[in-house]
Amino acid sequence: MERNRWMVSLHGGHSGEFCDHAEATLREMLEAAVQAGYHTFGVSEHVPRHEERFLYPEEVARGWDIPKIHNDFARYTQHLQELVPEFEGRLNVLRGLEVEVVPTAKYSELMKAFRHYKLADGSPAFDYQVGSVHYVDEIQIDGSPENYQKAVEACGGIEALALRYYRLLAELVVELRPEVVGHLDLIKRNLALAGFGEFSLDIPSIHKAATETLEAVRSVNGILDLNTAGWRKGLGEPYPAPPLVKQAHAMGVGFCFGDDSHRPSDVGAGVLDAREYLLKCGVPTVTVLNREGTVSGGQVVQSVVEL
């Protein structure tokens, strides 16, 4: 099967082996990527959190604790390393992780430690990282609508929350220099569900904050993921919205696809529509990552591919 070079996802591959809100095994996720026709599939499991207060309610209900999720992440790191050569010739598998901004006071040093983690032979454990903000001042914004409401109240309103979100994302980008920046406008995820559907994020102050975030992404040569999960979440569009896509493209910021998959049925979902979406927004290319050399000694570099 000939695989289109643009058929690349750099955000997703979460599996039930290592993530409480995902399903299936990591091998099953990679097999689904082969079946979906991917050329390259980046697996970017969430890094574990370091404090009990950041455990998800589902994790608490299962009796999980901090040592458990750290052990799971260590197993993920090793298992992914083992699977890469198994899929060679059928699928280019990139080893990634998705970093976070909690706890606020020390996330930078914690995330850098994950990014620079070494395997037993001294080689790098990861090829790249996805930088995402799921918390604003330590309140999760993409989980329950109730938590979103708490974040709104803590910030003093929707506008203030959006401004804070974009500033946190810009800070993460500059501090951690992720190769891929996840779901740029995630702030819209719970807007309607939390009862703020009448509020427009397209106002000057928020536009300015989003622009500053895009400038940060450009300054580190980062790639935005055109994240198809927005469709699955009932938003009627992916992340980011068309005006942000057009603005980013005008600024010279590249895009990749991210199916943000958490189960085999998510793998590849919406990517063909995402290709058309980019083309309609005037974006004729995607920016992908490729490994040059061996897994242990190779280097991952960017290249631009026509859609």
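The legends below describe close-up views of a predicted model.

Local features are given where pLDDT is at least 70 and side-chain atom pairs where pLDDT is 80 or more, while totals for chains, interfaces and linings use all residues of this predicted model. Residues are numbered from 1 along each chain as its sequence is written, and side-chain values use heavy atoms, with hydrogens and water left out.

**View 1**
Helices (H or I, at least four residues) and strands (E, at least two) are DSSP runs numbered from the N terminus. Strand S3 covers residues 92-99, and seven of its eight residues are buried (buried means under 20% relative accessible area, exposed over 50%, and partly exposed in between, with a 1.4 Å probe and protein chains only). S3, helix H4 and S4 form a right-handed β-α-β unit: with the strands pointing away from the viewer, a right-handed path from the first strand over the helix to the second runs clockwise.

Glutamate 100 sits in the loop between S3 and helix H4 (107-115). Glutamate 100 is buried and has no salt bridge (a side-chain nitrogen of Lys or Arg within 4 Å of a carboxyl oxygen of Asp or Glu). The nearest side chain of opposite charge is that of arginine 49, 7.5 Å away; Lys and Arg count as positive, Asp and Glu as negative, and His and the chain ends are not counted. The side chains of glutamate 100 and histidine 134 make a polar contact at 2.5 Å. A polar contact is a pair of N or O atoms within 3.5 Å; within protein, one must be able to donate a hydrogen and the other to accept it, and residues adjacent in sequence count only if both atoms are side-chain atoms.

Most residues other than glycine have a negative phi, and most peptide bonds are trans. The bond from valine 102 to proline 103 is cis, with omega near -10°, and proline 103 belongs to the loop between S3 and H4. The bond from tyrosine 239 to proline 240 is also cis, with omega near -5°; proline 240 is in the loop between helix H8 (229-232) and helix H9 (242-250). Histidine 183, which is not a glycine, has a positive phi of about 25°. Histidine 183 lies between strand S7 (180-181) and helix H7 (204-219), in a loop, and is buried at 2% relative accessible area. Aspartate 260, also not a glycine, has a positive phi of about 45°. Aspartate 260 is placed in the loop between strand S9 (254-258) and helix H10 (271-280) and is buried, at 10% relative accessibility.

**View 1. Tyrosine 128 in strand S4.**
Tyrosine 128 belongs to S4 and is buried, with 0% relative accessibility. The tyrosine 128 side chain reaches the backbone oxygen of leucine 10 at 2.8 Å.

**View 2. Salt bridges.**
Side chains of opposite charge can pair when their charged atoms come close. The count of salt bridges is 19. One of them joins the side chains of arginine 27 and glutamate 86 at 2.9 Å, N to O. This pair links distant parts of the chain, 59 residues apart: arginine 27 is in helix H1 (residues 26-36) and glutamate 86 in helix H3 (residues 66-86). Arginine 27 is partly exposed at 34% relative accessibility, as is glutamate 86 at 38%. Aspartate 72 and arginine 75 form a salt bridge at 3.0 Å, N to O; they are three residues apart in H3, and therefore separated by about one helical turn. Aspartate 72 is buried at 4% relative accessibility, whereas arginine 75 is partly exposed at 37%.

Aspartate 266 and arginine 232 form a salt bridge whose closest N and O atoms are 3.4 Å apart. The two residues are 34 residues apart, with aspartate 266 in the loop between S9 and H10 and arginine 232 in H8. Aspartate 266 is buried at 5% relative accessibility, and arginine 232 is partly exposed at 34%. Salt bridges that share partners join Glu23, Arg232, Arg263 and Asp266 into one network.
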